[in-house]
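The following exercises are to be worked through with the sequence and the structure at hand. Each task is followed by a solution in steps.

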Amino acid sequence: MKKSNKITLLYPGNHFDKVYHPWTWAPLPILAVSAPLFAQGYDVVLLDANVEPDWMKLLVDECRDSLMLGISCMTGPQIHFGLEAARAVRSAGLDLPIIWGGYHPSILPEQTSRNQYVDAVVRGQGEPTLLEVAGRLSQGEDYLDVRGLTYCRDGEVVTTEGRKVEDINNFPRLPYEKLRNPQQYLNNMHVGSRSINYVSSQGCPARCQFCAEPLVYDRRWKAYTPERVLSDLEFLQSFLGVNGVMYFDSTYFVNERRAREISQMMVDRDMGIGWAANARAPQLGKFADETFDILKASGLWAFLVGAESGSHTQLEAMQKDISPEDIVEAARVATRHGVKISYSFIVGFPGETQQEIEETWEVMERVSKVVGEYNSQLHFYAPTPGNALYDKALEMGLEGPQSFEEWAMFSTVKGGLPWMSTRFRNRMKQREFYMVYGYPSEWVRRRASRSRARSMYVKLATTLSAARCRRRFWGLPLDWWLLRGLRGAIANE
Ligand code: B12
Ligand code: SF4
């Protein structure tokens, strides 16, 4: 019996809190898996709960005549909202298959598939598997022998044969035009006043022991050809007037020649698109000078670098395969070539000592001096499943979630790692505040120019913070409390 050809895909909410999130990103995971479905003539509904206040009602309505519901999730809040959605669908008496995909289900397919609201998990790359499942369902056939699935029936978990990661050039362009109101995903930011997110590769060849990439893509890196990237960018430019691109690739600069060719084509076609992308610190030192020239000429605004730690011991423990010196050298190289560089550091790793945390601050300070402003972001370690650091966290007293549902409240969302006190977090935040104002960036200076009150605030904060940074004195943070109070008052003026 032939059934409908409609498929509903949900990208659940990313955040529990209602705090202001400055950017609105297109839901690339569901866009990616929808591309081959649209190409085969399916009627796909893309629902992004991050931008649809009434998403739950819309979802249930769309599911009434859909062949299946696909839900994407990473570890954290998306699991909670995805399960809420699935419950609502079942409560409405709808029995369409609910298929889950994304990083979290791919890392823990068995545990995920044991949840009653999970009919099957698609492991890893979703395009070929979901297309085949859709084909079966549209013909009214069983789909449970399709390769790349994990499901649970009568208490038994079944894992079908795996698939090789396919060349992503075989998949059609992401259909941004099929999103409800695609214009809402344009952001006014440093790379361009009409910036959008885009991904040009999948996976990462590195092996960091806190990261999901090696687990899901087995250290393979598949990338679009330069021609494909250019054709996608041209589409985004003509369809949405995009003038800025934030690459969501886990690592963009794996192949220097490819990066250079993309940039050369952008220059030749006079694209006028600003962009930023992730790089590994040691890559930059190996690039030829001409590479930087062409990257910059094509609109590269910044290299985004996951530095993680300034401690040799921690970098080794997480198998980051970089040294603190690589991090500082990357800042020197980028600055010499007039390209910004922005780092992400993490503190609170399981077993990390006070001395190692100091080493991280030291490297943050060194790179700030090289580039002339505080150019880092400080994060707290959030355990995610399936890697050596997570195992270490368990050894150190972390109580690991025992079910799919429990992973929703995990990671930074819930906080409260046994070794990470609120006092520790406050101390780190205070110190970051002093770095932000002690090494003021363009952003801080722009803030100052907005009003007289803001200008006075920034002057006071930079003077006090610079003095602290000079003396490396972080105790008695009375000024921090005072400045925070003042900032609140100014924000309300
Ligand atoms: C952007 C991003 C975010 C944004 C998302 C905003 C948005 N609207 O897009 C924000 C900032 C919210 C975010 C948050 C977090 N993130 Co994040 N994020 C990313 C990033 C850089 C890009 C995601 C993306 O668009 N990918 C592109 C799409 C096309 O790829 P994809 O997701 O792999 O999709 C494929 C498959 O997974 C599968 N698939 C995906 N969905 C579905 C659905 C169905 C039905 C099917 C069948 C298949 C399928 O098929 C797709 C195509 O092949 C990824 C890294 C990366 N490059 O993917 C990390 C990543 C997903 N994040 C990660 C992490 C750890 C986090 C945080 C926990 C970090 C933290 N410490 O707080 C938080 C989660 C908590 C929270 N608040 O949500 C990890 C995931 C780990 C995990 N266990 O889930 C990643 C992989 C980074 C990493 N390298 O480890 N993140
Ligand atoms: S380099 Fe980045 S994306 Fe690659 S494995 Fe390490 S942390 Fe993950």
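**Exercise 1. Domains**

What distance separates the centres of domain 1 and domain 3, taken over C-alpha atoms?

*Solution.* The model is a predicted one. Begin with the division of the protein chain: domain 1 covers 6-159, domain 2 covers 186-420 and domain 3 covers 431-493. Then take the centres of domain 1 and domain 3 over their C-alpha atoms; they are 45 Å apart.

**Exercise 2. The shell around ligand 1**

Determine which domains give residues to the shell around ligand 1, and state where the ligand therefore lies.

*Solution.* Step one: ligand 1 is surrounded by 40 residues, and the closest are Gly70, Ser72, Gly76, Gly101 and Gly126. Step two: at least two shell residues come from each of several elements, including helix H1 (28-39), strand E3 (68-72) and helix H6 (127-138). The greatest contribution is that of H1, with five residues. Step three: sorted by class, the shell holds 20 nonpolar, 17 polar and three charged residues. Step four: both domain 1 (6-159) and domain 2 (186-420) give residues to this shell, so ligand 1 lies between them.

**Exercise 3. The shell around ligand 2**

Identify the residues around ligand 2 and sort them by class.

*Solution.* The shell consists of Cys204, Ala206, Cys208, Cys211, Glu213, Pro214, Ser250, Thr251, Arg280 and Gly306. Sorting these residues gives five nonpolar, three polar and two charged.

**Exercise 4. Helices H13 and H14**

Are H13 and H14 roughly parallel or roughly antiparallel to each other?

*Solution.* First, consider the axes of helix H13 (residues 324-336) and helix H14 (residues 354-371): they come within 9 Å and cross at roughly 15 degrees. Angles under 35 degrees count as roughly parallel. H13 and H14 are therefore roughly parallel to each other. Their crossing is right-handed. Among the residues making the contact are Ile327, Val328 and Ala331 of H13 and Val363, Val367 and Val370 of H14. By class, the contact of H13 with H14 comprises eight nonpolar, one polar and three charged residues.

**Exercise 5. Helices H18 and H19**

Describe how H18 and H19 are oriented to each other.

*Solution.* The axes of helix H18 (residues 452-471) and helix H19 (residues 478-491) come within 11 Å, crossing at roughly 165 degrees. Angles over 145 degrees count as roughly antiparallel. H18 and H19 are therefore roughly antiparallel to each other. The crossing of H18 past H19 is left-handed. In the contact, Ala453, Arg454, Tyr457, Ala461 and Leu464 of H18 meet Asp479, Leu483, Leu486, Arg487 and Ile490 of H19. The classes here are seven nonpolar, no polar and three charged residues.

Definitions and conventions
Residues are numbered from 1 along each chain as its sequence is written. Chains are lettered from A and ligands numbered from 1 in the order in which they are written. This is a predicted model: local features need pLDDT of at least 70, side-chain atom pairs count only at pLDDT 80 or more; totals for chains, interfaces and linings use all residues. A residue is near a molecule or strand if its C-beta atom, placed from the backbone, lies within 6 Å of it. Ala, Val, Leu, Ile, Met, Phe, Trp, Tyr, Cys and Pro count as nonpolar, Asp, Glu, Lys and Arg as charged, and the others, Gly among them, as polar. Domain bounds come from an automatic or database domain assignment. Axes are lines fitted to C-alpha atoms, for helices over the stretch in contact, and angles run from 0 to 180 degrees between N-to-C directions. Helices (H or I, at least four residues) and strands (E, at least two) are DSSP runs, numbered from the N terminus. Angles under 35 degrees count as roughly parallel, over 145 as roughly antiparallel, 65 to 115 as roughly perpendicular and the rest as oblique. A crossing is left-handed if the near helix is turned anticlockwise from the far one by less than a right angle, and right-handed if clockwise. Two residues are in contact if their C-beta atoms, placed from the backbone, lie within 7 Å.
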